[in-house]
Each structure stands twice: as C-alpha cells, then as structure tokens.
Amino acid sequence: MPTPIKGTFAFVSLGCAKALVDSETMLGKLAADGYALQASPDGADVVVVNTCGFIEPARQESLGVIREMLDLKRQGRVKAVVVTGCLAERKKEALLEEVPEVDHLVGVFGRDDIVRVVDRVQQRDMGVGRTGDHEKDALVSLSPGLPLSLSPRLKTAAAIHEQRMLFRPALIKALNDQARLRITPRHFAYLKISEGCDRLCTFCAIPGMRGKHVTKPIEQVVEEARELASDGVRELILVAQDTTYYGLDLYGKVRLAELLQELDRMDGFDWIRILYVYPMYLTDDVLETIAGAKRIIPYLDLPLQHINDVMLRRMARQVTRSETEALIARLRSAIPNLVMRTTFIVGFPGETEAQFQELCAFAREARFERAGVFTYSREPDTPAERMQGHLPEEVKTERRNRLMEVQQEVAFAWSQEQVGRELEVLLDRPDAELPGWFFGRSYADAPDIDGVVRIKGKNLRPGDLVRTKITAADGYDLVGRTLGQKS
C-alpha cells in the first residue's frame, strides 16, 4: 500500500544557485514528510515560492510570481501560498502589506521549518486553529549563524515524478528530515560550502539577508559530495557567497585548497567547477591545487565589479587595480587553459565618464572569456544608497550597453579561436527543434549563465560526456560533432 499523502504542493524557485540549493532542501523535507510534489501550481494544496531579494529587478520578478500564485488562489485553483527566501527575509512584515493574501512568510533561516509551516497552513485551511486575522508571527526567520544542514539522501525530481507522487515506505525511510530533492538535471548539481558573507561591499544587501559567513565543515561537504556522486552527478558546482573565504570563521584560516584536494580525490565526478571566487584569499595553494587537479576544471568565476581605484574604494572591495592585475597574471600563468568569468557594475554613484572608460579599456585588455555587466541598483539600507552622485537610469543603461559591446568582441573572438579544437562536452538536453542535435556545455560554460555547444551525433543522452570537434562559432556559442563518448 502506498504511504498516505498529506497534501500536494508546487514549488517555484527564483534567484541564484545558492537559493536553488535551499529550494532543493525544502523540497526534500516536504517530500519526505508525505507531501506530493506536482509540476503545475494549478490544483495544488500549497504553492511555495522561494524568492530573490538581491536587487530591484529580482524583487519585482519575485513579486510578479507571488501575485500570479495569489491570483490562482483567488480563483480557487490553489489553496495556500507560502513565500520563502531572501525577499521574505529582507522585507519581513512590509511584504505582507504589499501582498496580504500570502498565507505564511518563511525567512532564509526559517527554511528548516518548512514542513511545520506547511502543516500549519494546511490545518488553517481545514479550519483547525483559524484565527480570522493574518497572524503576526507569519515570518519564520531563525538567527543567522546556525550550522548548515547536511543532505544525506538525495533523489532527483524525475525519480519522484516516476513514482507518480506515491511515496512508498522504502522511499520515506531513505529520505529523512535533512533530505534534498534535486531539481537540476541528474548529471550536475550545486553544493553550497558556506552560508552568509562577511564582506561589507557598499552596494550589497546580502549580509543583511543571509547573515555572517558560516563555513560548512570539510567532512560534511565531503559526505554530501559523496551522496551527489552516488546519485549520478558528473559535474559538481561549488557555490557560496564567497568561496575563497571558506574555513576562516571555523578553522581560523582559509582551507579552500584542502577542501578542493579532498573533493578532487573522490571518485564519481568528471568535473568540479568553482563559482563566486572573491579576489581576496585566492592563495597560491588554491591555484596549485586547481592546476594539478584531475577533476577541478580550469574555470573560475571572479566577480570584480570595477577596476578604477576610486570606484573600488567607494564599493569597499578591499582590492586595488594593481592587485587585481597581478592576481589575473598569476591565474593565467599558474592554470593552463584557464577560462575566467567576471561581473562588472556600471553607473555606481559618482562614476565619471573617465572612470567608466578606464573600465572599458581594462575589459578589452584583460580579455575575460565570460563577463556579465549590471547597472547599479540603488538598494535600501546599504551605504551606497546614501552616497552622493547617483546617475540617471538612462546613463547607466547606455554604459552597460557600451561595455557589453566591448565584452562581446572579446567573447566572440574567443569562440572563433575554439574552432578546430577538440573539447569534452557534457550534454544537457536535446534540441527540440532539430532532431539529432543536442545542447551541451564545455568546461568553459557554467549552467544557465554561459554559452552552449550544439552537437550533432547519434545515440546521445543527457549526461553523456562526449569528445567533440568544434566546427563553427555562433556568437557566444559553439557548434561541433561528436568524436566519441568518455566512459
């Protein structure tokens, strides 16, 4: 007999990869407790929306999704809407004033209480404990600095759907309170190695939402990685607000190199990718570990934000132009075939045309293979909000477009240089429009943020790692044909 289902739920995950890991943890807890996940919100007992509150466009996107779910609730097609994550943490009760029909808010540090919250919402919907008013304790937000939960048993969303939402006793037994139900494809997964951030960049509100930096112990990361490998993951992607700060709070020194060495020795993974590398604490032992690794690919995400020293000081980045240039030279020298991604902010308060031109010249000279450009977003309760010299939106947008033109030339030239090379490509999905073609990624492409490689071949499947001859470049993307599959 199948285990009785407590109710049905749908889940919308917004924001960054770190928030996605939070979503997977909440999904796992609800699934393990007897709630059945369904693909569409329509008809669900509860819809959980995990929000992003980083910058204004992300907040508006989150609010738009919340309002869509509340519209379904008004039509009787959804019984309850629970809002979790960074927007709930950041705006707290003010969010309830904007969307008063939300049934419950769960802050970032209340994610471990998601089952209790959904249980409570279900009981309220059935008339148990109904108060008639929206309760003041709707925000569930635990204190920053709590240890991160280990996720010892993993199941893919596809596997859950294959069971037709019927959670048999064996599955319940395998999934405990710390379960994680992955919503990425089976062949890649994100692993969060720490929570929070001790940086005090003047433009950023993340420390206020996610608290101070808390390192997940090495043995805990390794155990979770081992579970991911056993679940079929070929590409492990390490994420944190600041990966290079790893260990400083817990061990009294940075221990990223030691963690990477432990993971590189582990069987199962083909690629280990590192994201969110802050320029500080990127030590020689980390560079040597990456350069000599079997599984850690030569790809680094190194957000710089600017290069002009005045702007860097106003942003409180704690690095100078000369230090940044020296670091880039070290990286290029130490790690063969390195691909670097960075991000820049244009239109920061007080940025002059000359300072912006300096940034453009630097981007042209540094030749980052991957880069994103963002216009400065005026964030409440940040030091930058109170600065003088805020620029008009049209100036910020025009500068973003100009810098992206510079970066496009660099990125397109790099793509052309790959024609004729042989690269390993990890296949993500078939091309729905062209039979026999697949979308995949080389080591130079992180999921969802970089380019793709389009491949033609026979008997291809998602998760295959195939040797590929690059035959053409198409802007940011590459085109190739298969030469064989890695075992």
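A charge is taken to sit over a ring if NZ of Lys or CZ of Arg is within 6 Å of the ring centre and within 35 degrees of the ring normal. By this criterion, K18 lies over the face of Y276, at 3.4 Å from the ring centre, and R255 lies over the face of Y251, with a distance of 4.1 Å from the ring centre. The model is predicted, with local features requiring pLDDT of at least 70 and side-chain atom pairs counted only at pLDDT 80 or more, whereas totals for chains, interfaces and linings use all residues. Residues are numbered from 1 along each chain as its sequence is written, and side-chain values use heavy atoms, with hydrogens and water left out.

The structure holds eight aromatic pairs, where rings of Phe, Tyr and Trp (its six-membered ring) pair if their centres lie within 6.5 Å, and planes under 30 degrees apart count as stacked, over 60 as edge-to-face and the rest as tilted. One of these pairs is formed by F203 and F348, whose ring centres are 6.5 Å apart and whose planes meet at 85°, so the arrangement is edge-to-face. This pair links distant parts of the chain, 145 residues apart, with F203 in the loop between strand 10 (194-195) and helix 8 (206-210) and F348 in the loop between strand 15 (339-346) and helix 15 (353-366); helices (H or I, at least four residues) and strands (E, at least two) are DSSP runs, numbered from the N terminus.

F348 also forms an edge-to-face pair with Y376, at 5.3 Å centre to centre and 75° between the planes.
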